[in-house]
Number of protein chains: 2
Amino acid sequence: MDAEQSFGLSPGNIDQAIVLGIMKSAGNPRISVRLWNGNEFPVTGEHPVACLEFLSRRAVLKLLTAPSVGFGECYSQGLIKIHGDFLAFVNEVTRAITRKGSHQFYLPRLKSDLHALRRNSTRRSKYNAHHHYDLGNDFYRMWLDERMVYTCAYYDTPGATLAEAQVAKLDHVCRKLDLKPGQTVVEAGCGWGALAMHMAEHYGVEVKAYNISRAQVDWAREKAAARGLDNRLEFILGDYRSIGKRFDRFVSVGMLEHVGRANYRTLGKLVKRCLKPEGLALIHTIGRSHPSSMDAWILKYIFPGGHVPSLGEMMAIFEPNRFTVLDVENLRLHYARTCAEWLSNYEAVADKVSEMYSEEFSRMWRLYLAGSSAGFQSGTLQLYQVVFAHGTNNRVPWSRKYQYPGSFGRT
Amino acid sequence: MDAEQSFGLSPGNIDQAIVLGIMKSAGNPRISVRLWNGNEFPVTGEHPVACLEFLSRRAVLKLLTAPSVGFGECYSQGLIKIHGDFLAFVNEVTRAITRKGSHQFYLPRLKSDLHALRRNSTRRSKYNAHHHYDLGNDFYRMWLDERMVYTCAYYDTPGATLAEAQVAKLDHVCRKLDLKPGQTVVEAGCGWGALAMHMAEHYGVEVKAYNISRAQVDWAREKAAARGLDNRLEFILGDYRSIGKRFDRFVSVGMLEHVGRANYRTLGKLVKRCLKPEGLALIHTIGRSHPSSMDAWILKYIFPGGHVPSLGEMMAIFEPNRFTVLDVENLRLHYARTCAEWLSNYEAVADKVSEMYSEEFSRMWRLYLAGSSAGFQSGTLQLYQVVFAHGTNNRVPWSRKYQYPGSFGRT
């Protein structure tokens with residue numbers, strides 16, 4: 001130990017102390033930290049998962065004042081570098097932060113309640129969707145599967161590829177909906193139309209699919225025409241709140257995250273109005289094990305207006321409208337794997353993304369995909385599929401055997 | 001129309017108007033009403049399901065002042081008679097009342113919140129359990145299946161008998177728990193021990209089963225000894241709050257109804273403490289599609305201290321304790337059928353029950369069993385099986401295929 005270290009008052013030691021303070025509030029992840037002056041030290045233990053390098057003191061200050069937004073911005077702008085396996089680093093930090101906050105309940109719930117006050121109008125929803133989904137079909141085509149499914153896959157066999165697991169997910173949803181040929185289905189928030197096309201093609205149903213992203217609807221219409229499905233499948237450029245008529249089935253996969261808590265009851269009312277008395281409905285959404293607000297960086301840069309609900313918060317859709325919740329399945333670990341596969345595809349094209357957009361944009365998306373995978377892996381995020389029906393519907397399935405093709409065949 | 005009816009002021013017409021007013025507030029069920037003077041008239045439509053006879057004006061007044069308690073007391077005391085199929089009558093009235101109140105949400109929720117203020121202490125819980133479960137094993141043996149399973153059965157084939165469906169339920173619960181030989185299981189509220197014995201005998205696990213009803217524990221201990229299971233199965237006369245140690249599995253079937261909302265978080269904390277990090281837990285309970293207080297008559301005569309939660313209310317067990325809800329299944333219609341079978345068994349011994357206890361007691365239990373079946377049939381009541389795990393447990397099952405023996409065999 002040299003004299004400078006023993007006094008502990010040099011600027012270098014103060015920087016290190018501040019960084020260790022930040023790391024402590026992040027639950028002391030098993031990483032090492034390198035400063036702009038070359039100093040490197042572990043945060044906890046001997047075998048760091050990866051090394052986090054601060055390229056300037058400014059990055060430390062940004063993390064100190066706004067940990068989540070600060071980290072996201074610094075990483076995107078190149079003020080912070082990660083040496084080693086990027087996903088392993090993000091997983092480790094997320095795990096540490098999650099463990100650290102695992103005793104908290106009321107404060108995160110209060111934040112979620114406050115967040116719920118913000119209502120997504122149809123106009124605001126359009127802006128939010130445009131921000132994310134209208135980045136260009138070419139962008140998503142580079143790292144999603146060929147069907148462009150941008151929601152949790154279902155790995156029903158351990159060796160399934162991403163593309164196989166996405167088809168398995170489409171079938172899993174269709175089976176849960178107990179689709180029968182000739183039925184009418186409405187889909188709220190249909191992405192690039194993969195589920196709508198799958199239902200129309202393989203289950204013989206008539207589908208009306210709603211979406212407010214023009215880029216996605218244009219793509220979906222073109223594909224459906226090419227596959228000769230446009231006679232029983234209609235893509236409508238419109239908000240879920242504009243759904244009219246009544247249908248045998250209601251399905252929404254990956255839209256609820258954008259609806260916002262203030263509109264849950266409205267969404268439930270809509271389903272109540274548009275679902276036939278003996279119909280079945282399914283909502284597939286990212287969720288949480290307990291109420292919490294969105295990550296500040298995600299909200300600012302990735303999903304403006306988004307909210308990820310706990311199961312209890314989701315009850316605002318069902319309970320005031322007297323729906324019966326029939327079935328809830330949690331596919332959290334499937335989404336951790338899905339996001340990890342997207343990230344792996346993304347890494348192969350990240351340089352191209354930098355050229356198309358910018359270096360900053362490219363890094364931002366890497367962090368978003370890794371952070372999402374880590375969120376599901378750590379239990380910060382969940383993935384719920386909820387099947388529900390009108391409370392007075394006595395023709396609901398007796399058991400869930402019909403969902404498992406080992407016993408029952410596909411329609 | 002005669003003169004008396006046209007003036008509408010005779011005592012007979014006033015009685016009829018009051019009765020029709022009561023029936024209107026009950027949603028105008030398709031029944032007919034007969035008064036003590038022999039007057040009979042339909043409430044709604046032409047084909048009444050059954051006839052409700054008031055044997056005195058006192059009965060009308062009791063229904064007017066306290067509909068639920070009034071009806072239960074009048075029926076039990078013989079001031080009211082039902083002519084025709086009793087279950088069909090109860091189903092019809094329950095259906096009508098449920099439809100009538102189907103727009104309400106905030107008032108029932110407020111009532112449930114107020115009810116939640118009442119806390120079941122261990123002493124109070126003992127009294128409540130004694131009231132219901134210590135009526136004598138002989139009483140329950142007359143109309144339950146031979147295993148004495150007093151919870152919702154699982155009819156996995158349409159033609160299953162009650163006894164078969166109860167075994168299927170035990171297996172369904174065991175499969176959901178993914179039991180492996182040698183694991184340790186704690187059961188909170190074990191009734192007459194059917195599940196505990198089934199787990200120990202067929203799944204090779206070690207079971208500690210808690211119950212505060214002495215009559216049930218005595219029975220269970222005797223049966224377990226006779227079946228040679230007492231080396232890996234212990235029945236403990238004790239409250240769920242006294243569970244110590246850590247276990248691979250936690251299971252509770254039909255106890256939550258007695259816990260009371262005020263203790264949900266305590267129950268969750270207990271599971272948090274006694275479930276190993278990679279453990280699985282299952283709670284099977286009567287529930288509701290939306291918050292509501294217990295029926296006043298049931299609370300007074302059948303289940304003092306009871307509360308039947310909505311799924312949202314149940315989240316007080318899981319969310320503050322950061323459990324991950326993995327799987328929810330609703331078996332409402334199975335319980336409607338189970339209760340109907342219990343009622344049918346009960347009718348065959350109702351006279352014997354009158355001799356053993358009293359005519360009033362016998363009628364009270366008929367109404368309770370019919371009312372329960374009707375509650376599930378109408379959607380007033382639900383039956384939830386919830387599988388959950390610690391939020392940090394990443395060794396949870398990947399899919400639910402393991403629950404369906406078509407694909408995977410029994411351990």
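These legends walk through several close-up views of a predicted two-chain model.

The model is predicted, and local features need pLDDT of at least 70, side-chain atom pairs count only at pLDDT 80 or more, while totals for chains, interfaces and linings use all residues. Residues are numbered from 1 along each chain as its sequence is written, and chains are lettered from A, with ligands numbered from 1, in the order in which they are written.

**View 1**
Chain B can be laid on chain A by a turn of 180° and a shift of 0.0 Å along the axis, with an RMSD of 0.0 Å. The superposition is by least squares on the C-alpha atoms of residues with pLDDT of at least 70 in both copies.

**View 2**
Being in contact takes C-beta atoms, placed from the backbone, that lie within 7 Å. The helices (H or I, at least four residues) and strands (E, at least two) are DSSP runs, numbered from the N terminus.

**View 1. Strand β10 of chain A joins β10(B).**
Three bridges link β10 (residues 323–330) of chain A to β10(B), and the two run antiparallel. Strands count as paired if DSSP finds at least two bridges between them. Look for A:V328, which stands opposite B:V328. Strands of a sheet pair through backbone hydrogen bonds, either parallel or antiparallel.

**View 2. Helix α15 of chain A packs with helix α15 of chain B.**
These helices (residues 311–318 in each chain) pack at an angle of about 175°, with their axes 9 Å apart. Axes are lines fitted to C-alpha atoms, for helices over the stretch in contact, and angles run from 0 to 180 degrees between N-to-C directions. α15(A) and α15(B) are therefore roughly antiparallel to each other. Angles under 35 degrees count as roughly parallel, over 145 as roughly antiparallel, 65 to 115 as roughly perpendicular and the rest as oblique. A:L311, A:G312 and A:M315 meet B:L311, B:G312 and B:M315.

**View 3. Within chain B, α16(B) packs with α17(B).**
α16(B) and helix α17 (residues 359–378) of chain B have axes 8 Å apart and pack at about 165°. That makes α16(B) roughly antiparallel to α17(B). α16(B) passes α17(B) in a left-handed crossing. A crossing is left-handed if the near helix is turned anticlockwise from the far one by less than a right angle, and right-handed if clockwise. Residues that meet here include B:W342, B:L343 and B:Y346 in α16(B), and B:F361, B:W365 and B:L369 in α17(B). By type, the contact divides into 15 nonpolar, five polar and three charged residues.

**View 4. Helix α5 of chain B crosses α17(B).**
The axes of α5 (residues 86–100) of chain B and α17(B) come within 8 Å and cross at roughly 50°. That makes α5(B) oblique to α17(B). This crossing is right-handed. Among the contact residues are B:F86, B:L87 and B:V90 of α5(B), with B:R366 and B:A370 of α17(B). The contact divides into five nonpolar, eight polar and two charged residues.

**View 5. Chain A has an open sheet of four strands.**
The order is β2-β1-β3-β4, and the pairing is mixed. β2 (40–42) and β4 (80–83) of chain A are the edge strands, each pairing on one side only. Neighbouring strands are turned by 20° against each other on average, direction ignored. β3 (residues 51–54) of chain A pairs with β4(A) in the antiparallel sense over four bridges. A:C51 stands opposite A:H83 in β4(A).

Definitions and conventions:
Ala, Val, Leu, Ile, Met, Phe, Trp, Tyr, Cys and Pro count as nonpolar, Asp, Glu, Lys and Arg as charged, and the others, Gly among them, as polar.
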